[in-house]
Amino acid sequence: MMDVERLETILTQYEGYPQDLIPILQDIQDQYHYLPKDELKVVAQRLNVPLTKVYSVATFYKMFSLVPKGRHELRVCLGTTCHLKGGQRLLESVSSHLGIEPGYTTADMQFSLETVGCLGSCAQAPVMMVDDKYYARMTIDKVTKVLKLYKE
Amino acid sequence: MPKIESVDHLTEYRRQIRAQRDPKQQQVLVCSGPGCLPLGSTEVAQAFQEEMQAKGLQGKVILKSTGCHGLCAHGVRVLLRPQEIAYEKVTPEDVPEVVETSLIGGKVVERLVYQDPVSGQTAVHKSEVPFYQGQKPLVLRKLDEIDPESLDDYLVVGGYRTMRKVLFKMSPEEVIDAVERSGLRGRGGAGFLTGRKWRLCRQVPGEMKFVICNGDEGDPGAFMDRAVMEGDPHAIIEGMIVGGYAIGAHQGYIYVRHEYPLAVKRLTQAVAQAREFGLLGNNILRSGFDFDIKISQGSGAFVCGEETALIASIEGNIGEPMPRPPYPAQKGLFGMPTVINNVETWANVPEIINMGAEWFAALGTEKSKGTKVFSLVGAVNHTGLVEVPMGTTLRQIIFELGGGIPGGREFKAVQTGGPSGGCIPKQFLDLPVDYDSLQEVGSIMGSGGMIVMDTTSCMVDVARYFISFLFEESCGKCTPCREGLRQLLNILNDITSGEGKEEHISLMEEICTTMASASLCGLGQSAANPVLTTLKYFRAEYEAHIRDKKCPALVCRPLLTYTIDPEACTACLACVRECPVGAISGPKKEAQRIDQDICIKCGRCHDVCQFEAIKVE
Amino acid sequence: MEEVGLLINGIYLKVPQGYTLLQAAQQLGVDIPTLCYHPELPSEGNCRLCVVEIGEHPRTRLVNSCTYPVEPGLNVQTHSEKVLQARRITLELLLARAPKAKLIQELAAEMGIHESRFKSEDPYELCILCGLCVRTCREIVGVSAISMANRTPGKLVTTPFLEPSDACIGCGSCAFVCPTEVIPYIEKDGKRIIWGREFELVRCNICGNYIAPMAQLEHWAKLTGEPVEHYFVCRDCR
């Protein structure tokens with residue numbers, strides 16, 4: 001069942017112009033950790049834009065997800081410097097530790113694994129981020145330690 | 001903070017806060033820039049706070065978290081002013097000693113200062129560190145000086161002086177004239193003359209116009225704009241007010257990528273401060289000029305760095321570029337004439353007006369004026385942010401400021417301009433870096449990423465990396481970019497996995513030519529550069545992959561074989577635990593073996609081995 | 001109306017201001033191939049088949065003629081080597097993408113391409129992502145039941161959430177406008193099936209022939225202000 005009030009608190013912060021679409025989706029993504037279908041339908045109605053527009057925006061931008069994300073969002077940087085310094089291997093290690101491919105969420109909904117084009121901390125490559133915290137100069141043997149900090 | 005009502009009031013307020021500040025007072029400036037933050041600068045600042053409190057120094061010593069200090073490789077950086085003592089690699093554990101020895105004892109903690117990796121010579125003061133010598137910081141000038149969250153700090157160093165001058169003493173034409181004479185070119189990539197762009201937009205009739213700051217720094221390997229947005233947000237705002245006044249716009253937008261949460265926070269805060277203070281809003285300082293700024297967040301799309309895609313994104317649409325003409329200066333945001341400049345361009349504006357167009361034009365080369373910020377990263381000792389006059393050579397940047405290649409390895413290439421740029425080989429190390437010379441060798445200035453590669457980098461893999469990045473990021477609107485990238489990636493995947501064919505090289509060249517000439521926007525038009533430059537300068541590496549099925553740099557994993565050296569193996573079993581397919585086995589307490597039939601060549605055994613027992617061929 | 005003079009393939013001509021290069025070339029009788037262009041729809045410049053070379057040697061560049069406006073004195077080449085090479089590769093890329101699309105096969109064959117040298121990921125693919133269907137649905141029909149989703153790697157035309165769409169009126173315009181016949185459209189036994197939705201067709205009150213789905217008649221009624229009953233009689237009997 002849709003939580004009408006929860007969505008309303010987001011929608012009332014905006015005037016309802018079509019250009020409010022992306023900020024609203026960002027708020028929903030931040031709070032729900034994904035974009036639920038029913039909520040998107042309400043957003044389309046409220047902004048008076050076709051549902052197709054909401055759907056194409058939601059699938060165009062990498063920040064948005066149509067499926068629920070885990071409690072912790074893990075982002076492995078694959079920027080150029082991180083790539084050269086073993087970012088791909090770091091990703092594979094994290095991926096096998098969690099048992100999920102990038103873009104997926106663990107069955108217990110604890111972790112989502114994503115890749116990112118560049119986090120802008122290139123001087124400390126390879127870098128990964130868990131929620132809002134950066135982990136610099138990562139190595140494969142540090143992966144277990146970092147993940148442990150977030151496991152229940 | 002008071003609301004400033006007039007010019008005199010601003011002058012008076014600035015005088016007051018200056019009077020309250022003693023330039024001789026001890027300051028501790030902890031870098032919280034993009035490099036030091038992930039190394040724990042927050043914890044270091046916290047430790048200073050606690051230690052200073054414990055030692056009764058609060059009120060006597062000023063502690064600030066500032067923007068980027070530049071030399072990220074040696075973070076966390078701490079600068080003591082007014083002595084200009086530069087401490088490096090500071091951890092919270094070092095803080096009590098710094099407080100005791102330097103803040104109380106007035107001496108230097110020798111083990112925390114810069115030491116030359118070769119000569120072992122130390123440098124205590126910032127100006128003595130080779131990394132900073134040869135730099136000419138204009139845009140980065142205030143980053144290790146001010147608290148980016150304090151408007152007062154910005155005012156003390158002369159902030160909003162240019163805005164005052166412009167609003168009260170200059171006509172819009174005079175402003176445009178000055179920017180044009182300065183020779184400033186857009187720092188976002190293409191290098192279009194900023195003054196000309198402004199003039200074009202001013203000439204288009206229309207009551208409603210916009211200025212936009214492009215903070216969608218998506219180039220992997222670049223963090224110049226992040227550092228400026230986080231470290232000196234008011235400079236961007238001031239630049240935009242000047243630009244808005246010049247072209248006749250009353251609303252500005254700053255488009256920041258959401259991957260930079262701190263930049264979003266700092267800019268939002270700075271805009272709110274400026275508004276509260278009366279530097280944004282209606283009738284700024286009673287000048288009759290209205291101007292305000294909104295922050296718009298990107299949602300993860302590299303293509304939104306392209307100006308028409310960025311505009312579409314602010315309007316609430318998918319970030320698909322539009323064919324030009326019409327140009328944004330004619331018909332941009334919401335169909336209105338719009339000027340888009342990137343972060344560094346805007347941040348240059350106040351200083352240009354303040355110091356004069358001729359002063360700026362005296363810096364740099366004939367066609368590229370001023371300075372440029374580069375993020376110097378990759379296989380270089382001093383990774384970090386540098387700002388040098390245009391025309392500084394690659395060799396100076398990489399070997400003098402950058403301190404050369406680590407581990408005594410050999411320089412192979414430097415990649416400039418992000419995914420739209422190219423890989424520049426050794427023979428061009430003495431190239432003076434400016435817009436035109438980089439273009440001549442097949443690369444571009446781009447926003448200023450500079451990624452140094454040594455002999456451990458495979459240039460075919462680098463090309464494959466960029467093409468795969470661009471394939472993921474291309475919007476898919478036009479055929480050459482969408483299908484061209486798809487096929488380039490197919491071919492490069494084949495080559496790097498040993499399936500390459502002779503005809504692949506010419507096939508790639510054909511795709512690249514068409515992508516460059518027929519794609520709709522800059523992303524597609526320049527997407528071929530990483531392939532074209534590596535084909536041009538490193539063709540032998542492609543041939544080795546295709547003919548000999550070998551990767552000379554030992555990077556392309558399908559072409560490698562992993563074995564265990566029984567002499568070096570200590571049977572610690574770290575590799576056995578790490579191997580995702582169970583390819584490694586052996587008797588207890590004896591050297592292990594890799595079963596080549598099972599091995600997927602992921603290389604993780606190599607990474608976890610502490611004894612260099614895993615051999616790669 | 002003000003006119004603009006320009007050179008196309010060395011021939012000077014005058015056309016009304018605001019014309020695109022494509023319109024100007026058409027006026028001259030020069031044939032430029034197009035895929036995503038439709039005179040009734042706003043041009044987006046997606047397919048890049050209509051590119052032409054503009055400017056003076058050596059500073060020339062390719063632009064898409066369907067959106068580029070005529071400029072006084074502009075020198076345009078519609079079939080230069082640079083243009084033909086770009087068209088050839090673009091068609092070869094499209095042929096790899098949609099190897100079964102007849103129109104692409106024909107256009108490619110005209111340029112001497114009978115087989116693509118590039119890998120085909122889906123041998124049954126027909127869609128070339130020209131977007132004519134999306135624009136027709138949005139601009140002409142006015143319902144926006146379909147759109148593009150995703151970026152390059154998985155870009156496709158779809159209804160929201162890949163589900164039957166409430167907005168669709170079952171008019172079938174998208175299928176009619178599609179140059180490569182990719183949108184499945186079935187009409188049988190008084191039913192029309194499109195985009196995964198089944199529409200009952202309304203019969204003509206007079207002759208009894210099938211007219212269109214109720215949703216479509218209601219949409220017409222809404223657009224014209226006529227009562228929906230007005231459309232219960234087919235055009236032939238009206």
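## Close-up views of a predicted model

**Figure 1. Lys549(B) lies in the loop between helix 21 (539–547) and strand 16 (562–564) of chain B.** Helices (H or I, at least four residues) and strands (E, at least two) are DSSP runs, numbered from the N terminus. The phi angle of Lys549(B) is near 50°, a positive value in a residue other than glycine. The structure is a predicted model, in which local features need pLDDT of at least 70, side-chain atom pairs count only at pLDDT 80 or more, and totals for chains, interfaces and linings use all residues. Residues are numbered from 1 along each chain as its sequence is written, chains are lettered from A and ligands numbered from 1 in the order in which they are written, and side-chain values use heavy atoms, with hydrogens and water left out.

Figure 2. Pro325(B) belongs to the loop between helix 11 (307–314) and strand 10 (338–342) of chain B.

**Figure 3. Helix 9 (residues 233–247) of chain B crosses helix 10 (residues 261–277) of chain B at roughly 55°.** Two packed helices are described by the angle between their axes and the distance between the axes. Axes are lines fitted to C-alpha atoms, for helices over the stretch in contact, and angles run from 0 to 180 degrees between N-to-C directions. The axes of helix 9 and helix 10 of chain B come within 9 Å and cross at roughly 55°. Helix 9 of chain B is therefore oblique to helix 10 of chain B. Angles under 35 degrees count as roughly parallel, over 145 as roughly antiparallel, 65 to 115 as roughly perpendicular and the rest as oblique. The crossing of these two helices is right-handed; a crossing is left-handed if the near helix is turned anticlockwise from the far one by less than a right angle, and right-handed if clockwise. Helix 9 of chain B contributes Pro233(B), His234(B), Ile236(B) and Ile237(B) to the contact, while helix 10 of chain B contributes Arg266(B), Leu267(B), Ala270(B), Val271(B), Gln273(B) and Ala274(B). Contact means heavy atoms within 4.5 Å. Sorted by class, the residues of the contact between helix 9 and helix 10 of chain B are seven nonpolar, two polar and one charged. In this scheme Ala, Val, Leu, Ile, Met, Phe, Trp, Tyr, Cys and Pro count as nonpolar, Asp, Glu, Lys and Arg as charged, and the others, Gly among them, as polar.

**Figure 4. Helix 5 (residues 161–169) of chain B packs with helix 9 of chain B at roughly 10°.** The axes of helix 5 and helix 9 come within 9 Å. The angle of roughly 10° makes helix 5 of chain B roughly parallel to helix 9 of chain B. Arg161(B), Thr162(B), Met163(B), Val166(B) and Leu167(B) of helix 5 meet Glu238(B), Ile241(B), Val242(B) and Tyr245(B) of helix 9. Six nonpolar, one polar and two charged residues form this contact of helix 5 with helix 9 of chain B.

**Figure 5. Helix 2 (residues 21–32) and helix 4 (residues 51–60) of chain A cross at roughly 60°.** Their axes come within 11 Å. With a crossing of roughly 60°, helix 2 of chain A is oblique to helix 4 of chain A. The crossing of helix 2 and helix 4 of chain A is right-handed. Leu21(A), Ile22(A) and Leu25(A) of helix 2 meet Lys53(A), Val54(A), Val57(A) and Ala58(A) of helix 4. This contact of helix 2 with helix 4 of chain A has six nonpolar residues, no polar residues and one charged residue.

**Figure 6. Chain C meets chain A.** In this interface, 14 residues of chain C are in contact with 12 residues of chain A. The size of an interface is often given as the accessible area lost when the parts come together. Chain C and chain A bury about 1100 Å² between them, with 65% of it on carbon and sulfur atoms. On the chain C side, Arg151(C), Pro160(C) and Phe161(C) lose the most area to chain A, together 53% of what that side buries. Buried area is the accessible area (1.4 Å probe) that two parts lose on being put together, summed over both.
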